[in-house]
Structure formats: C-alpha cells, structure tokens
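Dear colleague,

I am handing over to you the structure shown below. My findings follow after it, arranged by topic.

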Amino acid sequence: AATAAKVMNASLNVNAMQERVSPDTEGVFDDAFWKKTDLVVNALDNVQARLYVDSRCVYFGTPLLESGTLGTKCNTQMVIPRLSENYGASRDPPEKTAPMCTLHSFPHNIHHCLTWARSEFEGQFEKTPSDVNAYLTCADYASSVREAGDAQSREGLERAAACLTRDRCATYDECVRWARLQFEEYFHNKIAQLVYTFPEDAVTTTGTPFWSPPKRFPRVLAFDAEDGACQMFALAFANLRAEMFNIVRPAWSLDAAAVAHAAVLVKVPEFSPKVGVTIVTDPKATSASAPSGPLDDAAVIDTTLARMDEARAGLPAGYTLVPAKFEKDDDTNFHMDAIASLANLRARNYHVEEVEKLKAKFIAGRIIPAIATTTAMATGLVCLELYKVLAGVKLEAFRNTFANLALPLFAMSEPMPPQKMKYNGMEWSLWDRWTLEGDPTVQQLLDHFSAKKLSCYSISCGQSLLYNSIFPKHRERLGRKVCVTWPGTTGRPPPFLNFSGVLRTGVDMFDANPMIAR
C-alpha cells in the first residue's frame with residue numbers, strides 16, 4: 001500500500017511498519033510514538049484490535065477516525081478527544097452462534113464443522129500449551145486452580161497435565177504418533193461412542209426419532225494414507241506438535257504422503273464404547289461437557305497437580321512450550337491446514353459437503369470479500385472528516401456515517417458526546433483525569449481523594465493491585481512511596497517512572513465510574 005501510494009504521490013513521506021499493534025508491541029509503539037502522533041486513522045479487521053487502539057487514543061487524548069466495511073456496507077465513526085464518545089462506548093449486539101451441543105455432537109453444515117475445528121485448534125495448540133507454561137512459570141498457578149475448584153478448571157488442568165506427561169513429545173516420530181491417535185479419537189472413538197449412546201433407532205422421551213432432521217446420523221472414519229484430507233491432517237498436526245515442543249523436524253516432515261504413511265504404522269489401541277456415558281443434548285447448555293456428578297473436582301485437581309509436579313522434576317531448567325496464535329494469512333504455518341482437515345473430516349463423519357481450503361479460510365477466518373466501491377466510499381468519507389480534525393471544528397460539524405450500497409442507504413449523524421458523570425459538585429467523562437506531580441506515598445494518594453470527599457478503597461496499575469482496604473497486610477504499604485510499592489508488588493520497575501502512568505482507583509460514590517489518577 002505504501003509503495004502504491006508513493007507512485008501516486010512521490011512527495012508522500014510514508015514509514016511502513018509491519019508490527020502488530022497490540023499490548024505485545026508496546027515496546028515499539030511506546031509513549032514516545034503515541035505522544036508525537038497527531039491523529040490515528042483505523043483500517044483494522046477485528047473488534048479486539050479496534051478496542052485496543054481506541055483505548056490508547058483515549059489514554060493519550062488522540063483523535064481517532066474509525067472505519068470499517070462489510071461487503072456493501074460501511075461505517076465511519078469520529079472519536080474526538082473531550083468532544084465525542086469513544087469507539088468502545090457502544091457495542092454491536094453479539095452474533096448468533098450455534099448451540100454448544102450442535103457444534104460438538106450434532107453438526108449439520110460446514111459452518112458448524114469449521115467453528116468446531118477452530119475451537120479445537122485453539123484448544124490444542126494455543127490454550128493448552130499456554131496453561132502448561134503458566135503452570136511451569138507462575139508460582140501461584142496451582143493455588144488459583146485450587147481456588148477455582150470447578151469442573152472447567154479441572155478439565156483445563158487435565159488437558160495441561162496430559163500435554164506435560166502422557167502426551168509429551170521428544171521426537172518427531174512421537175509427534176506423528178500423537179497426530180495419528182488424535183485422528184482416531186476425533187473421527188472414530190468419539191463417533192463410535194456417540195452412536196453407541198444414541199443408536200440409529202433411538203427415540204426421545206416423547207417417542208419421536210432422536211436422529212430427526214437437522215440431526216445427521218454419523219459414521220466412523222478409518223485413517224487412509226492415500227486420502228488427501230487424512231494426509232493434510234497428519235502433516236499439520238504432527239508439525240504443529242513439533243513446533244509446540246521445539247522439536248527439530250526431519251526433511252520428510254513437509255511431505256504429506258510420507259507423514260501419512262508413517263502415521264499408518266502407528267499401533268492404535270482398540271476402542272470399546274462405554275456404558276453410561278452422558279452426552280450433552282440440551283441446546284441451552286453453555287458447555288459441551290456433561291455434569292461431573294459425584295466426581296470430586298478438588299480431589300482430582302490435587303491428584304493431577306501431583307502428577308504434574310512429578311513430571312516437572314524431570315524437565316530441564318527453563319523448559320516451556322510454544323503456543324500457536326491462529327494466523328490465517330500465513331500459508332506455511334499449518335494453521336489453516338489443520339482447521340480445514342479437521343472440518344472436512346468431521347463433515348465426512350456427518351455426511352456434510354466438504355469445502356476447499358480457501359473457502360474454509362474464508363469461513364473460519366470470518367472473511368467477507370472487500371468491495372472496491374465500498375472501500376473507496378469509506379476512504380473518502382474519512383478523508384472529509386480528516387480535514388475537519390485538522391481545522392479544529394466543533395463537534396456538530398463532524399459526521400458518523402452508515403451506508404449500504406446494496407439498498408442504497410446513506411445515514412449520517414453527529415457523533416455522540418461522551419457520557420458525563422457527576423458527583424459532589426464534580427463532573428467528568430472518560431477523557432478526564434487528575435494529574436498528580438511527584439511521587440506520593442499510598443497514604444498521601446488516599447488523602448488526595450479524601451480531600452475531595454471521596455473514599456478510596458483500591459489502587460491498581462494495569463493488572464497489579466497496589467492497595468486494597470480489605471487486605472490487612474496492605475496497611476503496611478500506606479507509608480511507602482507508590483514507585484516503591486509497584487516493584488515490590490510486581491517485581492518490575494514502575495512504568496510511571498518513564499511516563500505518565502495511570503493509577504486506577506476504586507472510590508465509593510453513587511453511579512459513577514472509577515476515577516483515574518495520571
């Protein structure tokens with residue numbers, strides 16, 4: 001884009017950067033970067049990134065020109081410091097999703113299969129290794145899991161334990177074996193258990209056939225080394241597993257046929273369906289896991305942690321796994337290969353039409369093709385508002401726009417002003433903050449709020465709690481300087497030694513947001 005723009009205007013000065021704008025790159029997009037930024041024009045493809053940039057613009061008081069397109073639809077929103085509400089002040093209604101039981105046991109279209117596939121990918125290659133790393137590096141991991149003590153915590157811990165003990169891989173051959181066993185579990189064992197629990201002639205409590213449309217009666221699959229989907233599954237899962245465990249891969253690891261033929265040689269245990277297995281069928285259920293019944297979650301957590309402690313004793317110092325963050329646009333990372341093969345093999349289980357990898361990428365990545373006309377219109381609308389920002393006009397001169405070229409519909413409105421909070425003669429919005437000079441003690445900070453007739457009970461910076469009145473030991477911190485309390489709490493130097501740090505404080509007041517000391 002920068003190159004194309006330079007062709008149009010040779011005098012344009014562009015610095016094209018490829019780093020992702022996120023909390024992980026705040027060393028690149030630091031305070032110095034934001035302080036010299038006059039305004040931000042967004043062209044992002046997901047809400048999470050938009051919310052992050054919005055939060056930084058609010059923090060630094062920087063104008064944000066937000067826009068987005070969706071097929072023939074486009075919208076623009078002007079975020080003007082102190083004049084308008086921020087992007088995060090309003091949210092679109094949540095998208096409708098299929099019931100959990102449909103995704104996990106009764107899919108009937110390829111969208112269900114792809115949604116399930118992406119969830120499994122993130123569970124296997126992102127969440128589980130992240131949980132293992134948290135166990136290996138965070139001293140309070142075990143206590144936090146014990147404190148939660150519920151079925152969800154137990155299940156997550158059991159997956160982490162399996163990854164660290166029974167399923168830990170040390171060679172690429174072990175990764176291939178793991179991939180082959182995963183195939184058997186996904187596409188044979190779970191399906192065999194499902195049809196055993198609910199045979200083809202099963203009926204509901206009302207006497208109607210259980211496998212009535214839209215449910216589809218599934219069939220088990222056998223691994224075929226000559227089948228393209230099986231090859232892709234074995235290749236992707238074995239290589240992703242090797243990356244997770246930092247295992248050196250042989251040259252044949254990139255040959256799908258070679259990996260699949262190596263997987264055929266794996267000895268697979270014979271599976272026998274179990275009696276009394278409960279499979280969730282309630283469309284209102286929020287979890288695919290059946291209630292644990294009399295199972296003592298706390299006892300299982302203790303036992304599982306003990307097994308993990310034994311395994312950790314034999315690991316080298318500094319041992320960690322490498323989680324995979326889903327990236328749909330890199331064709332060499334095996335992410336879409338894993339998701340497409342997972343989805344297509346599951347579709348084959350349930351007699352659903354399979355899709356090519358490119359279409360799977362569009363659906364799993366929630367991609368809607370951009371239309372040049374819509375993009376051009378959004379660009380033009382934002383550029384018009386850009387002139388207004390530079391001219392310093394009043395709020396009523398700005399326009400937010402929603403348009404749909406397919407109707408056609410063009411709706412423009414003034415940006416909404418920020419919500420105002422009032423208390424004890426004071427008035428403020430999201431854009432306001434108090435500036436405290438110097439390095440006060442925690443007690444002096446509390447006194448600052450007391451002078452304004454506010455009862456401050458909590459002080460935090462980022463995710464670190466510096467003081468809370470409900471903790472007796474925190475009284476020891478009252479006489480300490482805030483810049484001393486921070487490293488004692490987090491083990492890191494305080495960010496506000498280098499920039500205007502934000503201290504969030506909880507105060508007792510009626511119907512008011514937390515105040516911010518900056």
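Which residues in α9 meet which residues in α12? Please note before the reply that this is a predicted model. On the side of α9, the residues are Ala-229, Cys-230, Met-232, Phe-233, Ala-236, Phe-237 and Leu-240. Their counterparts in α12 are His-335, Asp-337, Ala-338, Ala-340, Ser-341, Leu-342, Leu-345 and Arg-348. By residue type, this contact of α9 with α12 comprises 11 nonpolar, 2 polar and 2 charged residues.

The geometry of this pair is as follows. Helix α9 covers residues 228–244 and helix α12 covers residues 335–349; their axes are 8 Å apart and the packing angle is about 140°. The crossing of α9 with α12 is left-handed.

Helix α6 (residues 141–148) packs with helix α11 (residues 297–313) at an angle of about 160°, and their axes are 9 Å apart. Because angles over 145 degrees count as roughly antiparallel, that description applies to α6 and α11. Their crossing is right-handed. In α6, the residues taking part are Ala-142, Val-145 and Arg-146, and they meet Ile-301, Asp-302 and Leu-305 in α11. In this contact of α6 with α11, 4 residues are nonpolar, none is polar and 2 are charged.

I turn next to the backbone. Most residues other than glycine have a negative phi, and most peptide bonds are trans.

Two of them concern phi. Asn-246, in the loop between α9 and α10 (256–264), has a positive phi near 55° without being a glycine. Phe-334, in the loop between α11 and α12, is likewise not a glycine and has a positive phi of about 70°. Are these residues buried or exposed? Asn-246 has a relative accessibility of 55% and so counts as exposed, the cut-off for that class being over 50%. Phe-334 has a relative accessible area of 8% and is therefore buried, as buried means under 20%.

Two further places concern the peptide bond. Pro-213 and Pro-214 are joined by a cis peptide bond with an omega of about 10°; Pro-214 belongs to the loop between α8 (172–197) and α9. Leu-407 and Pro-408 are also joined by a cis peptide bond, here with an omega of about -10°. The loop that holds Pro-408 runs between β4 (400–404) and β5 (409–413).

Finally, I would draw your attention to Asn-42. Where is Asn-42 placed? This residue is in the loop between β1 (40–41) and α3 (47–60). With a relative accessibility of 5%, Asn-42 counts as buried. The side chain of Asn-42 forms a polar contact of 2.8 Å with the side chain of Glu-66. When neighbours within four places in sequence are left aside, the residues in contact with Asn-42 are Arg-50, Val-53, Leu-64, Leu-65, Glu-66 and Ser-67.

With kind regards

Technical notes:
Residues are numbered from 1 along each chain as its sequence is written. This is a predicted model: local features need pLDDT of at least 70, side-chain atom pairs count only at pLDDT 80 or more; totals for chains, interfaces and linings use all residues. Side-chain values use heavy atoms; hydrogens and water are left out. Axes are lines fitted to C-alpha atoms, for helices over the stretch in contact, and angles run from 0 to 180 degrees between N-to-C directions. Helices (H or I, at least four residues) and strands (E, at least two) are DSSP runs, numbered from the N terminus. Angles under 35 degrees count as roughly parallel, over 145 as roughly antiparallel, 65 to 115 as roughly perpendicular and the rest as oblique. A crossing is left-handed if the near helix is turned anticlockwise from the far one by less than a right angle, and right-handed if clockwise. Contact means heavy atoms within 4.5 Å. Ala, Val, Leu, Ile, Met, Phe, Trp, Tyr, Cys and Pro count as nonpolar, Asp, Glu, Lys and Arg as charged, and the others, Gly among them, as polar. Buried means under 20% relative accessible area, exposed over 50%, partly exposed in between (1.4 Å probe, protein chains only). A polar contact is a pair of N or O atoms within 3.5 Å; within protein, one must be able to donate a hydrogen and the other to accept it, and residues adjacent in sequence count only if both atoms are side-chain atoms.
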